[in-house]
Amino acid sequence: LSDYVGKPIFTSDRIYATNPVGVVTGLAWTSMGGAVLYIETQPAGRFVKRDKKGGKGDGSEGEGDSKGGGSATVRSTGQMGDVMRESSQIAHTFARSYLYKLQPENDFLETTPLHVHVPEGATPKDGPSAGITMVTSFLSLAMDMPPRSDLAMTGELTLTGRVLAIGGVREKLIAARRSGVQHIIFPKANERDYTELPQNLRDGVQVYFAQDYDDVFRIAFPQADGENAS
């Protein structure tokens with residue numbers, strides 16, 4: 001087909017067809033428009049494999065941008081700016097408290113040093129809107145549970161779990177559509193911005209609006225309700 005019509009004008013930003021554990025799809029607003037942004041989290045250093053309900057990571061402290069209790073540290077790479085690195089610290093603190101409420105026996109985030117990476121490291125990245133994406137990545141790894149792979153999200157998070165408004169709703173929606181994402185989480189505070197967009201941009205995607213992180217968790221981990229209830 002490319003012999004007749006040429007190479008595709010737009011290429012997908014997607015790296016994963018199905019997101020593995022610890023990888024969550026976010027949305028970014030850059031000087032070139034919207035883009036899909038992956039948050040990848042993996043254990044750093046020595047690590048003891050745990051079962052799905054929790055367990056210990058017996059990791060060395062290693063390097064890290066944030067630290068709090070035990071050997072829990074977060075190392076970040078991928079040319080994150082100062083604001084984004086602060087978001088990773090906020091996300092780590094919140095994820096630890098949120099995991100304790102979900103699975104009190106799961107001390108993975110208390111004892112395991114983490115490495116957070118945003119691919120395409122040659123491109124600088126900054127801004128607070130990856131907060132909910134980072135928390136979801138941390139929880140996915142800690143619970144050994146992949147997030148739904150057809151979902152992208154964007155939203156700043158406070159230490160108490162409130163989801164704050166972001167910019168670039170139009171650009172981020174276009175980026176999600178270009179990548180074939182069918183479900184998107186926006187902050188509740190951006191609902192008006194979304195409804196003012198042309199209908200042709202809103203067709204074909206399911207958009208959810210989150211006021212706090214509980215709203216995000218229910219959408220990102222629909223399989224968690226049954227497991228936590230068991």
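Reader: Which residues of H2 meet which residues of H4?

Author: In this predicted model, helix H2 brings Met-84, Ser-87, Ser-88, Ala-91, His-92, Phe-94, Ala-95, Tyr-98, Leu-99 and Leu-102 to the contact, and these meet Gly-131, Met-134, Val-135, Phe-138, Leu-139, Ala-142 and Met-143 in helix H4. Sorted by class, the residues of this contact of H2 with H4 comprise 13 nonpolar, four polar and no charged ones.

Reader: At what angle do H2 and H4 pack, and how far apart are their axes?

Author: As a general idea, a pair of packed helices is described by two values, the angle between the axes and the distance between them. Here H2 and H4 pack at an angle of about 45 degrees, and their axes are 8 Å apart. The two helices are therefore oblique to each other, and the crossing of H2 and H4 is right-handed.

Reader: Where do the axes of H4 and H8 run relative to each other, and at roughly what angle do they cross?

Author: The axis of H4, which covers residues 131–143, and the axis of H8, which covers residues 213–220, come within 11 Å of each other and cross at roughly 55 degrees. H4 and H8 are therefore oblique to each other, and H4 passes H8 in a right-handed crossing. On the H4 side the contact is made by Ile-132, Val-135, Thr-136, Leu-139 and Met-143, while on the H8 side it is made by Tyr-213, Val-216, Phe-217 and Ala-220. The contact of H4 with H8 has eight nonpolar residues, one polar residue and no charged residues.

Reader: Why is H2 described as roughly perpendicular to H8?

Author: The axes of H2, residues 82–102, and H8 come within 13 Å and cross at roughly 65 degrees. Angles from 65 to 115 degrees count as roughly perpendicular, so H2 is described in that way relative to H8. The crossing of H2 and H8 is right-handed, and the contact is made by Phe-94, Tyr-98 and Leu-102 of H2 together with Tyr-213, Asp-214 and Phe-217 of H8. Among the residues of the contact of H2 with H8, five are nonpolar, none is polar and one is charged.

Reader: How much space lies in the largest pocket, and which residues are the closest to its centre?

Author: In general, empty space is found by rolling a probe the size of a water molecule over the atoms. In this structure about 540 Å³ of space lies in the largest pocket. Its lining is made of 30 residues, of which Ala-28, Thr-30, Ala-35, Leu-37 and Lys-125 are the closest to the centre.

Reader: Which elements give two or more residues to that lining, and which gives the most?

Author: Strand E1 (23–30) and strand E2 (33–43) are the elements that give two or more residues to the lining of the largest pocket, and E2 gives the most, with six residues. By class, the lining has 16 nonpolar, nine polar and five charged residues.

Key. Residues are numbered from 1 along each chain as its sequence is written. This is a predicted model: local features need pLDDT of at least 70, side-chain atom pairs count only at pLDDT 80 or more; totals for chains, interfaces and linings use all residues. Side-chain values use heavy atoms; hydrogens and water are left out. On a 1 Å grid over the protein atoms alone, a cavity is a set of points where a 1.4 Å probe fits but cannot get out, and a pocket is an open set with protein on both sides within 12 Å along at least five of seven lines; lining residues have an atom within 4 Å of a point. Grid points are joined across faces, edges and corners, and a volume is the space filled by probe spheres set on the points. Helices (H or I, at least four residues) and strands (E, at least two) are DSSP runs, numbered from the N terminus. Ala, Val, Leu, Ile, Met, Phe, Trp, Tyr, Cys and Pro count as nonpolar, Asp, Glu, Lys and Arg as charged, and the others, Gly among them, as polar. Axes are lines fitted to C-alpha atoms, for helices over the stretch in contact, and angles run from 0 to 180 degrees between N-to-C directions. Angles under 35 degrees count as roughly parallel, over 145 as roughly antiparallel, 65 to 115 as roughly perpendicular and the rest as oblique. A crossing is left-handed if the near helix is turned anticlockwise from the far one by less than a right angle, and right-handed if clockwise. Contact means heavy atoms within 4.5 Å.
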